[in-house]
Amino acid sequence: MDTWLNEVQKFPVRYVLCCSVLFRILHWCLQIVARPDTVTIDPWKTWKWRNLSVSLVHSLLTGTWAVACIIHYPAMVHEIHSTYTPSAYMLVVVSSGYFIEDAADIVFSGHAKASWEFLLHHVLVLWCFLYAVFTHQYVAGAVVALFVEVNSVFLHTRLLLNLAKVAHSSLIYTVNKVLNVVTYVTFRLGAQFYLTWYLTYHYSSLDYALYFLITMMLMNIMILIYFYRLIRSDFFTKRRIQNGIQKLAAD
């Protein structure tokens, strides 16, 4: 295991790019997979469907992997700066490869302007993850951050269901909607706020704590805004529609 880890750490760029290529191959393979008719008729929806499908695979893989890493070596939660396992390091390498591939897919497909929020997110993540890959510091922090991918499984599923025009009143959408909110609070907000607290509490003893703390603050703002949009869209849309109808009738 140590020999394998040394090999990866000796050539991190090579292995990160290999992971990017593998995710790109997955993206190409999805072109031959059947898609809903509502997606096939629209080129943008067709691209978005494949993009989200790759993201879903990444979330299923890395979310499960991150939780397994912490269960196997819980000390990483308490020492996010200095501790990690070979599996944890490889997890960050794989995930870095995905974020590079996804950012490139957004840019070269011509959807950068419409997806600027995702690009900003990817830049912030990659700055932290690649620092961990090249310096071997904050690897555990990156693993904890990847807890958010547990929630991303349901976020991506939600978007895929919307693209497929699945009724919001259906059982599958309702179940996913509830699990999405529960995991958003526990895994996404929980992981982000824990890392923010850790960086603040141990600020004086951590390398480049200011840069990571600024990054976390920006991410916190983004996820809180998205959480507000999510709650408003999935739980208050009907009420807004009813209020609009009542107002129209009153006018």
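The structure is a predicted model, in which local features need pLDDT of at least 70 and side-chain atom pairs count only at pLDDT 80 or more, while totals for chains, interfaces and linings use all residues. Residues are numbered from 1 along each chain as its sequence is written, and side-chain values use heavy atoms, with hydrogens and water left out. The protein chain holds 12 helices and zero strands, where helices (H or I, at least four residues) and strands (E, at least two) are DSSP runs numbered from the N terminus.

**Overall shape**
- The radius of gyration of the protein chain, taken over C-alpha atoms, is 20 Å, close to the 18 Å that the globule rule gives for 251 residues, so the chain is as compact as a globular protein of that length; the rule itself is 2.2 Å times the number of residues to the power 0.38.
- Along its principal axes, the C-alpha trace of the protein chain spans about 70 × 45 × 30 Å.
- Of the contacts in the protein chain with a separation of 6 or more, 75% are between residues 24 or more positions apart, a contact meaning heavy atoms within 4.5 Å.

**Burial and surface**
- Buried residues make up 45% of the 251 residues in the protein chain, where buried means under 20% relative accessible area, exposed over 50%, and partly exposed in between (1.4 Å probe, protein chains only).
- The accessible surface of the protein chain comes to about 13,300 Å², and 70% of this belongs to carbon and sulfur atoms, with areas from the Shrake-Rupley method and a 1.4 Å probe.

**Salt bridges**
- The structure holds five salt bridges, each defined as a side-chain nitrogen of Lys or Arg within 4 Å of a carboxyl oxygen of Asp or Glu.
- One of them joins the side chains of Arg24 and Glu101 at 3.2 Å, N to O; Arg24 lies in helix H2 (residues 12-29) and Glu101 in helix H6 (residues 86-108), so the pair ties together parts that are 77 residues apart in sequence.
- Arg24 also forms a salt bridge with Asp105, with the closest N and O atoms 3.0 Å apart, and this pair links helix H2 to helix H6 across 81 residues.
- Arg24, Glu101 and Asp105 are thus linked in a network of salt bridges, in which Arg24 is partly exposed at 25% relative accessibility, whereas Glu101 is buried at 5% and Asp105 is buried at 5%.
- Arg229 and Glu117 meet in a salt bridge at 3.3 Å, N to O, which links helix H11 (residues 209-235) with helix H7 (residues 116-135) across 112 residues.
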